Amino acid sequence: MNKALANKKCIGIVWAMGIACCFVAISLIMGRFFKGTAWFLFSSFLRFIFGFVILLVMKKIYRRSAADVLSIKGSKRALIAGCGFILYFLYFVLLMCLGVKAISGLSAGLLISQIILQQVATAFYEELNFRTLILEGYFHGESSTGRKLAYAFLSFLVFGALHIVTGWSLSLFWRTGVIGFAFAVIYLKSRNIFIPMILHFIYDVAANLSYYAQINESPLFMRLNSMPIILIMFLISLIMLLRKEKSKSE
């Protein structure tokens with residue numbers, strides 16, 4: 001029994017790493033053959049396939065059905081736990097409003113394939129793999145602050161590393177790592193992956209739209225720096241993770 005419990009604590013992490021490696025390898029190989037809209041469609045399809053594989057793994061290892069994993073139960077706790085990320089997202093939208101004067105070069109095909117479909121698929125796959133599968137082991141052992149921190153920082157490291165596979169960038173590692181940490185806190189506090197998926201999707205839509213933005217170099221926009229707000233997001237998320245709850249009820 002103890003061995004089975006120990007396996008559940010870490011087997012999800014092993015699976016997540018293996019799935020991530022397979023996904024990255026396939027993406028890098030197939031990226032040579034697909035470009036533009038065709039690539040975004042293929043990439044979306046691949047993400048959905050891997051997401052469904054993860055749901056099967058969750059069913060096999062943790063006896064959690066897809067309906068259970070994707071349930072909206074605990075959404076209120078999830079939103080409260082995610083207040084750090086929500087603050088960061090509002091700041092990001094403010095930056096977009098201040099700094100973007102126009103969106104250009106975005107065709108209807110790219111809008112559907114890259115901005116909408118791929119971001120739905122990305123939120124679905126990445127939250128299942130880098131939050132649900134990596135963090136589920138926490139719920140199969142003693143509940144302690146140290147274990148929460150360990151699982152959350154693991155999500156930080158893995159998610160940050162994922163985004164610098166093709167090129168090192170400290171700022172990108174830090175930003176995506178902290179976002180991964182914030183989403184990990186949401187899951188660890190609520191066991192709800194639906195809210196992280198929604199938040200991930202709306203952020204990625206805004207972030208990908210910025211690739212087509214014409215920048216308005218106003219004095220105010222040029223003075224703004226996102227690094228302090230990312231640090232604030234991290235600190236708020238850390239506080240939410242360490243915060244003691246009076247009740248698990250909604």
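This is a predicted model: local features need pLDDT of at least 70, side-chain atom pairs count only at pLDDT 80 or more; totals for chains, interfaces and linings use all residues.
There are 6 salt bridges in this protein by the rule used here.

Some background before the pairs. Side chains of opposite charge can pair when their charged atoms come close.

Start with Arg-64 and Glu-136. Their side chains form a salt bridge, with N and O 3.0 Å apart. This pair connects distant parts of the chain: Arg-64 sits in the loop between H2 and H3, Glu-136 sits in the loop between helix H6 (108–135) and helix H7 (145–162), and 72 residues separate them. Are these two residues buried or exposed? Arg-64 and Glu-136 are both buried.

Glu-136 has another partner. Arg-191 forms a salt bridge with Glu-136, and here the closest N and O atoms are 2.3 Å apart. Again distant parts of the chain are linked: Arg-191 is in the loop between H8 and H9, Glu-136 is in the loop between H6 and H7, and the two are 55 residues apart. Glu-136 has a relative accessibility of 0%, so it counts as buried. Arg-191 has a relative accessible area of 32%, which makes it partly exposed, because that class lies between the 20% and 50% cut-offs.

Now a pair of another kind. Arg-131 and Glu-127 meet in a salt bridge of 2.6 Å, N to O. Both of them lie in helix H6, 4 residues apart, which is about one turn of the helix. Arg-131 is buried, with a relative accessible area of 0%. Glu-127 is buried as well, also at 0%.

Next, the backbone. Most residues other than glycine have a negative phi. Arg-63 is not a glycine either, and its phi is positive, about 60 degrees. Where is Arg-63? It lies in the loop between H2 and helix H3 (66–69). With a relative accessible area of 61%, Arg-63 is exposed, because it is over the 50% cut-off.

Arg-63 also follows directly on helix H2, so let us look at that helix. H2 covers residues 36–62, which is 27 residues. At 1.5 Å a residue it should span 39 Å, and its end C-alpha atoms are 38 Å apart, so the two values agree.

Phe-50 is buried, because its relative accessible area of 11% is under 20%. What does Phe-50 touch, leaving out residues up to four places away in sequence? Its contacts are Ile-19, Cys-22, Phe-23, Ile-26 and Tyr-125. As for Ala-81, 31 residues separate it from Phe-50 in sequence, and the distance in space is 27 Å, C-alpha to C-alpha.

Ile-72, Phe-194, Ile-198 and Ile-202 make a nonpolar surface patch of about 320 Å². One of these, Ile-202, lies in helix H9, residues 194–209. Ile-202 is partly exposed, with a relative accessible area of 31%.

Last, the whole protein. How many helices and strands does its secondary structure come to? The count is 11 helices and 2 strands. Along the sequence, the pattern reads α-α-α-α-α-β-α-α-α-α-β-α-α. The radius of gyration is 18 Å, close to the 18 Å that the globule rule gives for 250 residues, so the protein is as compact as a globular protein of that length. Along its principal axes, the C-alpha trace spans about 60 × 40 × 35 Å.

Of the 250 residues, 46% are buried. The accessible surface comes to about 12,500 Å², and 71% of that belongs to carbon and sulfur atoms. Take the contacts between residues at least 6 apart in sequence: 85% of them join residues at least 24 apart.

Conventions: Residues are numbered from 1 along each chain as its sequence is written. Side-chain values use heavy atoms; hydrogens and water are left out. The expected span of a helix is 1.5 Å times one less than its number of residues. Buried means under 20% relative accessible area, exposed over 50%, partly exposed in between (1.4 Å probe, protein chains only). Contact means heavy atoms within 4.5 Å. Patches are made of residues with over 30% relative accessible area and no salt bridge: like charges are joined within 9 Å, nonpolar side chains (Val, Leu, Ile, Met, Phe, Trp, Tyr) within 5 Å. Accessible areas come from the Shrake-Rupley method with a 1.4 Å probe; for residues, only the protein chains shown count as cover. A salt bridge is a side-chain nitrogen of Lys or Arg within 4 Å of a carboxyl oxygen of Asp or Glu. The radius of gyration is taken over C-alpha atoms; the globule rule is 2.2 Å times the number of residues to the power 0.38.
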